Amino acid sequence: MPEIRSYRPADRPAVYDICVRTAAAGEDARGLYSTDDLMGDLFAGPYLHLEPELAFVLDDGGTAVGYVLGTADTTAFVKRFRDEWIPWLGDKYPAPPEPPRTPEQDMVALHFAPERMIVPELAAYPAHLHIDLLPAYQGRGYGRRLITTFRTQARAGIHLGMVTANVRARGFYDRLGFTELPVPDPGPLTYLGLTGLDEGL
């Protein structure tokens, strides 16, 4: 029976694999970019490196098959992303031109612009998270349990930005009580929020 436990450094390859296999609006993004590490380096690695205490995995027989990770304080996380994560990756990704000219450059530009995560309209929801499960483990209640685990630790209002085209994910978040947060010019994302445990369900 799969169980939720704290992230361990040995889980990093599995977390990166899950990340890329669910990164194309919930579908497999392997092979879309010059390295399959790109999605993990953007949406998983910074959290594993900077806030591993808020990372949890769904473990099935010793292997991570899903995860939730994030931060309880987006503003502080953004500062650490710039001061620590970007230097830690070094020259793995060359800075893209302005404006970016390819889909890969668009993604790499996100790496160099962590301040994009600070959205004034989301200030009442200072925590944010990323959650992904391999397809065989979706729709079985594990996602709800992962978010509850994160929420218990973060103890703050949570927001997330989901690709609007990922209709299946939106249904999942709606069932958990997330509500849409109006943000000017959200681009391809929809922002959703959930109150912290101290604020009631």
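## Salt bridges across the chain

A salt bridge here is a side-chain nitrogen of Lys or Arg within 4 Å of a carboxyl oxygen of Asp or Glu, and this structure holds 12 of them. What you're looking at is a predicted model, in which local features need pLDDT of at least 70 and side-chain atom pairs count only at pLDDT 80 or more, while totals for chains, interfaces and linings use all residues. Residues are numbered from 1 along each chain as its sequence is written, and side-chain values use heavy atoms, with hydrogens and water left out.

Let's start with aspartate 59, which pairs up with arginine 5 in a salt bridge whose closest N and O atoms are 2.6 Å apart. Aspartate 59 sits in strand β2 (residues 56-60) and arginine 5 in strand β1, so this pair ties together parts that are 54 residues apart in sequence. Strands (E, at least two residues) and helices (H or I, at least four) are DSSP runs, numbered from the N terminus. Both aspartate 59 and arginine 5 are buried; buried means under 20% relative accessible area, exposed means over 50%, and partly exposed is in between, using a 1.4 Å probe and protein chains only.

Which residue forms a salt bridge with aspartate 37? That's lysine 92, with the closest N and O atoms 3.1 Å apart. Aspartate 37 belongs to helix α2 (residues 37-43) and lysine 92 to the loop between α4 and α5 (103-111), so the two tie together parts that are 55 residues apart in sequence. Aspartate 37 counts as partly exposed at 32% relative accessibility, and lysine 92 is partly exposed too, at 36%.

Lysine 92 also meets aspartate 41 in a salt bridge, 2.8 Å from N to O. Here again the link is between distant parts of the chain, with aspartate 41 in helix α2 and lysine 92 in the loop between α4 and α5, 51 residues apart. Aspartate 41 counts as buried, at 1% relative accessibility.

## Aromatic rings

Now for the rings: the structure holds six aromatic pairs. Rings of Phe, Tyr and Trp (its six-membered ring) pair if their centres lie within 6.5 Å; planes under 30 degrees apart count as stacked, over 60 as edge-to-face and the rest as tilted. Tyrosine 47 and phenylalanine 77 have ring centres 4.5 Å apart and planes at 10 degrees, so they're a stacked pair. Tyrosine 47 is in helix α3 (residues 45-50) and phenylalanine 77 in helix α4 (residues 74-89), 30 residues apart, and both are buried. Tyr47 and Phe77 form one aromatic cluster with Phe81.

Is the pair of tyrosine 137 and tyrosine 142 stacked or tilted? Their ring centres are 6.4 Å apart and their planes at 50 degrees, so the pair is tilted. Both of these tyrosines are buried.

## Arginine 12 and its neighbour

Arginine 12 has its charged end over the ring of tyrosine 16, 4.2 Å from the ring centre. For that label, NZ of Lys or CZ of Arg must be within 6 Å of the ring centre and within 35 degrees of the ring normal.

Aspartate 11 is in the loop between β1 (3-6) and α1 (12-21), and it's buried, with a relative accessible area of 6%. Leaving out residues up to four places away in sequence, aspartate 11 touches Arg5, Ser6, Val57 and Ala64, where contact means heavy atoms within 4.5 Å.
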